[in-house]
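Please read them with the coordinates open.

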Amino acid sequence: QVQLVESGGGLVQPGGSLRLSCAASGSIFSVNAMGWYRQAPGKQRELVATVTSDGRSNYADSVKGRFTISRDNAKNAVYLQMNSLKPEDTAVYYCNSQLRSNRFGGVYDYWGQGTQVTVSS
């Protein structure tokens, strides 16, 4: 079994910063892309940022220049540094990992349980 455990959410004032962390554990053979998605109340889940195993990153236009995604392949971990936070960044943030749990298996999506980020004064 594979688990993704997130941490780092919370309440922050507009303009503030937060850093989200996510680590994958369990039966893991290899990890492809990792990323962060978010879902605000009444809205669909949307991509925030992704990073490939060789470090190529992709961001939603709404977070470019403010958020930075990084990963530690040795720890099967992904991080999201969020700066200059805005009220519209308020959402539940979900970690995603596309990984292979054994040598002969396929690549599947795994999700964390989500962590709440609230930006409010």
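1. Strands here are DSSP runs of E of at least two residues, numbered from the N terminus, and two strands pair if DSSP finds at least two bridges between them. This is a predicted model, in which local features need pLDDT of at least 70 and side-chain atom pairs count only at pLDDT 80 or more, while totals for chains, interfaces and linings use all residues. Residues are numbered from 1 along each chain as its sequence is written, and side-chain values use heavy atoms, with hydrogens and water left out.

2. An open sheet is formed by four strands in the order β1-β3-β8-β7, with antiparallel pairing. Its edges are β1 (2-7) and β7 (67-72), each of which pairs on one side only. From one strand to the next the twist averages 15°; axes are lines fitted to C-alpha atoms, and angles run from 0 to 180 degrees between N-to-C directions.

3. Strand β8 (residues 77-82) pairs with β7 in the antiparallel sense over six bridges. Within this pairing, Thr68 is opposite Gln81 and Ile69 is opposite Leu80. The two strands make a hairpin with four residues between them, and Asn76 in the turn has a positive phi of about 50°.

4. Strand β3 (residues 18-26) is also joined to β8 by six bridges, again antiparallel. Here Ser21 stands opposite Tyr79. Five of the six residues of β8 are buried, so the strand is mostly covered; buried means under 20% relative accessible area, exposed over 50%, and partly exposed in between, with a 1.4 Å probe and protein chains only.

5. Which residues touch the most other members of the largest nonpolar core? They are Trp36, Leu80, Met82 and Tyr93, out of 29 residues in that core. A nonpolar core is a set of buried Ala, Val, Leu, Ile, Met, Phe, Trp, Tyr and Cys residues joined through side-chain atoms within 4.5 Å. At least two residues each come from β1, β3, β4, β5 (46-51), β7, β8, β9 and β11 (115-119). In soluble globular proteins, nonpolar side chains tend to be buried together.

6. Met82 deserves a separate entry. Leaving aside neighbours within four places in sequence, Met82 is in contact (heavy atoms within 4.5 Å) with Gly16, Ser17, Leu18, Leu20, Arg66, Phe67, Tyr93 and Val117.

7. The whole structure holds five salt bridges, each defined as a side-chain nitrogen of Lys or Arg within 4 Å of a carboxyl oxygen of Asp or Glu. One of them joins Arg38 and Glu46 at 2.7 Å, N to O. Arg38 is buried, with a relative accessible area of 6%, whereas Glu46 is partly exposed at 37%.

8. Arg38 also meets Asp89 in a salt bridge of 3.0 Å, N to O. Asp89 lies in the loop between β8 and β9 (91-100) and Arg38 in strand β4 (residues 30-39), so this pair ties together parts that are 51 residues apart in sequence. Both Asp89 and Arg38 are buried. Through shared partners, salt bridges join Arg38, Glu46, Arg66 and Asp89 into one network.

9. Asp54 and Arg56 form another salt bridge, at 3.2 Å, N to O. Both Asp54 and Arg56 are exposed, whereas Asp89 and Arg38 are both buried.
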